Amino acid sequence: MDYEIFENSALKLCNGSISLSPVIEKHLRCRFVDHGNPFLKIAPFKQEDVYLDPLIVIYHNVLTDKEIEMLQEEAYPVLAPSTIFTSKKEIQSSKERISESAWLYEDYYPKVKSINKRAGHLTNLNIDASDTLQIAYYKPGGYFNEHTDFSNNRDNPFPTVGLGNRIGTLMFYLNDVQEGGKTIFTHLNISLTPKKGNAVFWFNTSPNGDLDYYTVHAGCRVVSRVKWVANKWFHEYGNEFRRPCLLKNVYDEKRNSEFY
């Protein structure tokens with residue numbers, strides 16, 4: 001599926017001129033969560049609902065200033081122009097994504113191990129079934145056009161990883177963006193302002209494994225200063241017991257029909 005560079009609806013979300021419907025908003029809640037983890041019983045995470053179907057939540061204050069500084073210092077010397085996967089299964093730079101990024105492998109950057117472990121606790125997913133932590137850096141004018149995090153290649157998604165499709169995305173915000181840089185979900189009228197230390201999480205697939213096109217999202221153009229984020233993507237294989245596949249989709253059967 002191809003998208004134009006920031007269509008009108010996306011621009012309105014970036015500018016804050018579209019807001020979530022009160023009919024949906026009234027069902028959203030905030031809570032403390034521990035996912036049944038004994039350690040988190042002592043220090044549960046603060047979770048805020050953003051959307052229920054698909055599930056999108058924000059976790060508040062999950063990274064310290066010291067951890068954020070460490071991630072930026074480790075990533076900055078190895079930043080390179082960001083790339084995307086093309087329909088031909090190639091990795092290349094594109095006008096759809098204007099940023100720089102770095103991959104922080106635990107073998108070379110052992111300090112990120114605690115961040116990865118926390119990502120697993122936040123999502124209640126298997127950290128061994130995830131991509132390497134990616135740091136993304138957006139200068140003024142940088143953006144990431146509308147896209148999905150899953151692969152449309154159902155038979156062999158992300159062949160270099162070999163863990164099936166991306167079922168979940170966790171994105172840490174590493175700074176407050178002075179102006180611009182919002183995360184938007186264009187089919188849901190959701191616009192999120194980056195807040196340092198917070199993380200947003202969503203599922204990219206429905207409970208029965210269907211690709212969820214309602215998770216199309218974008219990173220709005222950075223207008224002033226810069227934007228830092230850290231991404232962690234979780235895959236199917238290794239999470240069979242963390243998120244069991246349902247034979248029947250619990251969502252509305254017509255939910256994704258407009259995208260096919």
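This tour goes from a pocket to salt bridges and then to aromatic rings.

The model is predicted: local features need pLDDT of at least 70, side-chain atom pairs count only at pLDDT 80 or more, and totals for chains, interfaces and linings use all residues. Residues are numbered from 1 along each chain as its sequence is written, and side-chain values use heavy atoms, without hydrogens and water.

**Stop 1**

Select Glu48, Val50, Ile58, Ser191 and Leu192. Of the 20 lining residues of the second largest pocket, these are the closest to its centre. The volume is about 310 Å³. On a 1 Å grid over the protein atoms alone, a pocket is an open set of points where a 1.4 Å probe fits, with protein on both sides within 12 Å along at least five of seven lines; lining residues have an atom within 4 Å of a point. Volume is the space filled by probe spheres set on the points. Now show β2 (45–52), β3 (55–60) and β14 (190–192): each supplies at least two lining residues. Strands here are DSSP runs of E, at least two residues; helices are runs of H or I, at least four.

**Stop 2: salt bridges**

The structure holds 6 salt bridges (a side-chain nitrogen of Lys or Arg within 4 Å of a carboxyl oxygen of Asp or Glu). Select aspartate 65 and lysine 196, with N to O at 3.5 Å. Aspartate 65 is in helix α4 (residues 65–75), and lysine 196 is in the loop between β14 and β15 (199–203), 131 residues apart. Aspartate 65 is exposed at 53% relative accessibility; lysine 196 is partly exposed at 33%. Buried means under 20% relative accessible area, exposed over 50%, partly exposed in between (1.4 Å probe, protein chains only).

Next, pick glutamate 67 and arginine 118, a salt bridge at 2.7 Å. Glutamate 67 is buried, at 15%.

Then go to aspartate 131 and arginine 166, whose closest N and O atoms are 3.1 Å apart. Both are buried.

**Stop 3: aromatic rings**

The arginine lies over the ring face, 4.0 Å from the ring centre (CZ of Arg or NZ of Lys within 6 Å of the centre and within 35 degrees of the ring normal).

Move to phenylalanine 45 and tyrosine 59. Their ring centres are 6.2 Å apart and their planes at 65 degrees, so the pair is edge-to-face. Rings of Phe, Tyr and Trp (its six-membered ring) pair if their centres lie within 6.5 Å; planes under 30 degrees apart are stacked, over 60 edge-to-face, the rest tilted. Both residues are buried.

Finish with Tyr76, Tyr137 and Trp228, which form one aromatic cluster.
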